[in-house]
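Hi everyone, thanks for making time.

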Amino acid sequence: MKHAARFRLPVFPMRLAASCLAVAACFLTAGTQHQAAAADAAPTKKLQLLLIDGQNNHDWRKTTPVLKSFLEQTGRFEVTVATTPTAKNAPEAEWDSFQPDFSAADVVLSNYNGELWPERVQKGLEKFVADGGGLVIVHAANNAFPQWPEFNEMIGLGWRGNSFGDRVTLDDNGEQVRTPKGEGPGAGHGPQHAFSVIIRDRRHPVMQGIPAEWMHFRDELYHGQRGPGQNMHVLATAYSSPEQRGTGAHEPMVWWIPFGKGRVFTNVMGHADYSMKCVGFQTIVARGSEWAATGKVTLPVPENFPTAEKTSVNDPNAEN
Ligand code: ZN
């Protein structure tokens, strides 16, 4: 039953499950012709995206509104923001009021890089993803939580020193190369610049229809990321040029890792609000969020997607 397989109930919060069951029952009982009609007429339910921010060595007060805006403009998401205590060493009572509701979410997006969350929140996120929820990591969110082993497992590579774990890069043939811990560079980046992104798995739902190579708007090009790096599906890389104080390697920009029944989608681009206005960034984060939540992508690749030669930003005031 092709349609029934679409509704993997454990992935959905219970309050969605009832309506999904109703739709599934409709598919199951209708004739072929009616099935198609029902599929066309069925309203696509908005995905609940829980965005977490509150501490970051980046300007999260500027970047969260950019993320929220382009995600909601796709029409596919309803975004709820959960903000941690913003001051370091906040009183415990303030942390007690940080109660992100994972049970209501289809996908969690982290724009957070700060103090370790209370254990109940850590366990909540682990359970959410293990039970089939999606997790999306943007830029410095992968700098967070070196002391949280399950988080390191989920992100695979993070902003850590070279003694922390292995490094994963791609060679000129697109094959993964592991550099053992202690060897080679740790995490870093050169000066911000526009750079070329190479798609490494064009069959992946998020990357289908995206040009094989395209120019990303001004950003930091992360290199030397470290971690357990297990089960990494590298979807896109960028060449870290020595001329830009880089490593001379193809560094992973976008990857995903399974965790239990869930999917963790990491995109290390997005240093600042202007980097996030890149149409390429927005397309990949939106499609990645949809895919992490559902395993499918319906969002289109926009016509103004960057090309191999030219950046493209959703901001009339930006220099292109
Ligand atoms: Zn940055």
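First, the ground rules. This is a predicted model, so to speak of local features we need pLDDT of at least 70, side-chain atom pairs count only at pLDDT 80 or more, and totals for chains, interfaces and linings use all residues. Residues are numbered from 1 along each chain as its sequence is written, and side-chain values use heavy atoms, with hydrogens and water left out.

Okay, the overview. The protein has eight helices and eleven strands; these are DSSP runs numbered from the N terminus, H or I with at least four residues for helices, E with at least two for strands. Of its 320 residues, 51% count as buried. Buried means under 20% relative accessible area, exposed is over 50%, and partly exposed is in between, using a 1.4 Å probe and protein chains only. The exposed surface comes to about 14300 Å², with carbon and sulfur atoms supplying 51% of it; that's Shrake-Rupley with a 1.4 Å probe, and for residues only the protein chains shown count as cover. Now contacts, meaning heavy atoms within 4.5 Å: among those with a separation of 6 or more, 68% come from residues 24 or more positions apart.

On to the helix pair. At what angle do α3 and α8 pack? Helix α3, residues 60–73, and helix α8, residues 279–294, pack at about 70°, with their axes 10 Å apart. The axes are lines fitted to C-alpha atoms, for helices over the stretch in contact, and angles run from 0 to 180 degrees between N-to-C directions. So α3 and α8 are roughly perpendicular to each other, the label for 65 to 115 degrees. From α3 the residues involved are Val 66, Leu 67, Phe 70 and Leu 71, and they meet Phe 281, Gln 282, Val 285, Ala 286 and Ser 289 in α8. By class, this contact has seven nonpolar, two polar and no charged residues. Here Ala, Val, Leu, Ile, Met, Phe, Trp, Tyr, Cys and Pro count as nonpolar, Asp, Glu, Lys and Arg as charged, and the others, Gly among them, as polar.

Next, Met 276, in helix α7, residues 273–276. Met 276 is buried, at 1% relative accessible area. Leaving out residues up to four places away in sequence, Met 276 touches Val 66, Leu 67, Phe 70, Phe 281 and Gln 282, among others. Met 276 and Phe 70 are 206 residues apart in sequence, yet 9.4 Å apart in space, C-alpha to C-alpha.

Now backbone angles. Most residues other than glycine have a negative phi. Phe 145, though not a glycine, has a positive phi of about 60°. Phe 145 sits in the loop between β4 (134–138) and α6 (149–155), and is buried at 2%. Asn 231 also isn't a glycine and has a positive phi, near 55°. Is Asn 231 buried or exposed? Asn 231 counts as exposed, at 51% relative accessibility, in the loop between β8 (213–219) and β9 (233–239).

Last one: Pro 180, in the loop between β6 (176–179) and β7 (193–199). Pro 180 counts as partly exposed, at 37%. Not counting residues up to four places away in sequence, Pro 180 touches Asp 166 and Arg 226.

Conventions. Parallel < 35°, antiparallel > 145°, perpendicular 65-115°, else oblique.
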